[in-house]
Amino acid sequence: MSDTQSLQVFQPPADFVSQAAISGMEAYRALCAEAERDYAGYWARLAREHLSWKVPFTRTLDESQAPFFKWFDDGRLNVSYNCIDRNIEAGLGEKTAIIFESDDGTVSRVSYKDLLVRVSRFANALKASGVKKGDRVVIYLPMSVEGVVAMQACARIGATHSVVFGGFSAQSLRDRINDAGAVLLITSDGQCRGGKSLPLKPIADEALALGGCESIMKVVVWQRTGAECAMQAGRDVFWQDFVAGRADFCEPEWVEAEHPLFLLYTSGSTGKPKGVQHSTGGYLLHAVLTMKWTFDLKPNDVFWCTADIGWVTGHTYIAYGPLACGGTQIVFEGVPTFPDAGRFWKMIQEHKVSVFYTAPTAIRSLIKAAEATATVHPRNYDLSSLRLLGSVGEPINPAAWMWYYENIGGSRCPIVDTFWQTETGGHMITPLPGVTPLVPGSCTLPFPGIQAAIVDETGTELDWGKGGILVVKRPWPSMIRNIWGDAERFKKSYYPDDFNGQLYLAGDGATRDAQTGYFTITGRIDDVLNVSGHRMGTMEIESALVSHPLVAEAAVVGRPDDLTGEAICAFVVLKGIRPEGDAAKKMIKDLQDHVGKQIGPIAKPKDIRFGENLPKTRSGKIMRRLLRSLAKGEEVTQDTSTLENPAILDQLRRGV
């Protein structure tokens, strides 16, 4: 259903409204009105109130070289100072900054004072190795305190870091090192996941041996697993030796607000990875604002974002946002299903987590586990510490939303269903928990100051109630500044000529409810299917499939069809045993009828294939480009090295 008025609405709890940072719809509208009246002045006020500046800025927004916008560009600050030092100066030195839980359940705690020492020692070691402001450092580490330390240390000396997810292949790592021109690589002997030790240093060595990485001067190796690894004399050094004897304090490098804080590479099905370049001041401002407004972070909260630091969510809502707000957060090394699928709920219970932020993919997989094994159902755990839930990474279908709300939140915790991207730096469209009536499956309203709209193919804004292309009408502080080394690709990708270079193209389709103005994301533009002239978002069909009581998870793609132009192909994971033969044929018919009833006959999938699970990266992202190849009957030629479960491709290749 696309009309949010036909879905159940959940009002913000009165006690939440009374204590929220943004309390009530009037307060939200007042912020939006302030931004409408004086756009630059609005962001300038927030930047002065929420960040600590060494040199105050006098210029807020420079649009003279649009779309290469600059924010607060004559001001100077340091991200690491904002995340650590200023909290210590405010008396929070002994406060726990990070609670780290390893794969085997071992727990350690790091205070803000401890974190400053660890970051400073590593920063001083980087400087002693010749790394200077503006140099690029690639970080290829597992989820760890060390990963956060490495990122913060780079920020402290003005080096630009580029974190590569620990599941990426040697070729992917090599491509990113080469494109960034990195001078130093930080990696680990291995990583621990699900009770297993997996190599990292050998992959890093392979990447460097592929060629094109001649800029690398040194490789720092953290010994996580104790596995033996080859060390190249003169180039490789163990972490403990690298920091040995370094001073406990490193003076921050005060950089321009537009100084590149990090590059984060996003990959498509074709073409080389895009190095998304983020600034220092504008990026940090949005990280802080969204922590305070979307997550309503309080001094006594325990915040847990389950993402990996290899993705933007782990940058904004692990490495920077919680620390810049003086928060206490969980950093988790393992997987949600080890030693069993109750791991998340046990951790929430033991650490008294109050704000929990995870992905719909994780929620759906845990629904399946909870339905299959009663002992790991969340009702067996004390989740009373929770006061706010969040969803990130993809649209959450209404059925999963309701399960999350009822079983994890006890029907009392608001859910902030956040829409944003690597390129946006932080939340763009999201409920505010003390403001927004919630509708399952809708990310609701723009974050205050974000001017989102839906347009047609010519860039003409559409009336509420019509579906189209999601855009942002004005630049905002945390937006992508460039694609590293490829300004033309930046303009073509995000400010295309079709829109006269005036609108930021999010790359997603969306609808906006005719009455409430609530946004619902329908899927990537290239995931909007055209079946017999009817445009349908894959997310809408997936939501319909998952609303069937026997379906745990579904992914929908299109394939060419001689009759309809495009046919719908669905890959489905059931809560029970995967059916075969006549039972599978009957289930296919039941699901087709169910989707037809939910959306209409035109939305019935032509093909439905069943699998034990879906092809996912180790961070839980469904690899839809692989599913497209399977749906078309093509050989899978894309890199599958980042898949958690490559064997599933053979299972899904077989239809019924």
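Trainee: Why is Lys 132 called exposed?
Mentor: Lys 132 has a relative accessible area of 52%, and exposed means over 50%, buried under 20%, and partly exposed in between (1.4 Å probe, protein chains only). So Lys 132 counts as exposed. This is a predicted model, in which local features need pLDDT of at least 70 and side-chain atom pairs count only at pLDDT 80 or more, while totals for chains, interfaces and linings use all residues. Residues are numbered from 1 along each chain as its sequence is written, and side-chain values use heavy atoms, leaving out hydrogens and water.

Trainee: What makes Asp 135 and Lys 132 a salt bridge?
Mentor: A salt bridge needs a side-chain nitrogen of Lys or Arg within 4 Å of a carboxyl oxygen of Asp or Glu. For Asp 135 and Lys 132 the N to O distance is 3.5 Å, so the pair qualifies. Asp 135, at 10% relative accessibility, is buried.

Trainee: How do you know that Arg 624 and Glu 394 form a salt bridge?
Mentor: Their closest N and O atoms are 3.8 Å apart. Both are buried: Arg 624 has a relative accessible area of 15% and Glu 394 has 17%.

Trainee: Which residues are linked with these two in a network of salt bridges?
Mentor: Arg 364, Glu 542, Glu 553 and Lys 616 are linked with Arg 624 and Glu 394 in that network.

Trainee: Why is Asp 593 called partly exposed?
Mentor: Asp 593 has 30% relative accessibility, so it falls in the partly exposed class. Its salt bridge with Lys 589 has an N to O distance of 2.8 Å.
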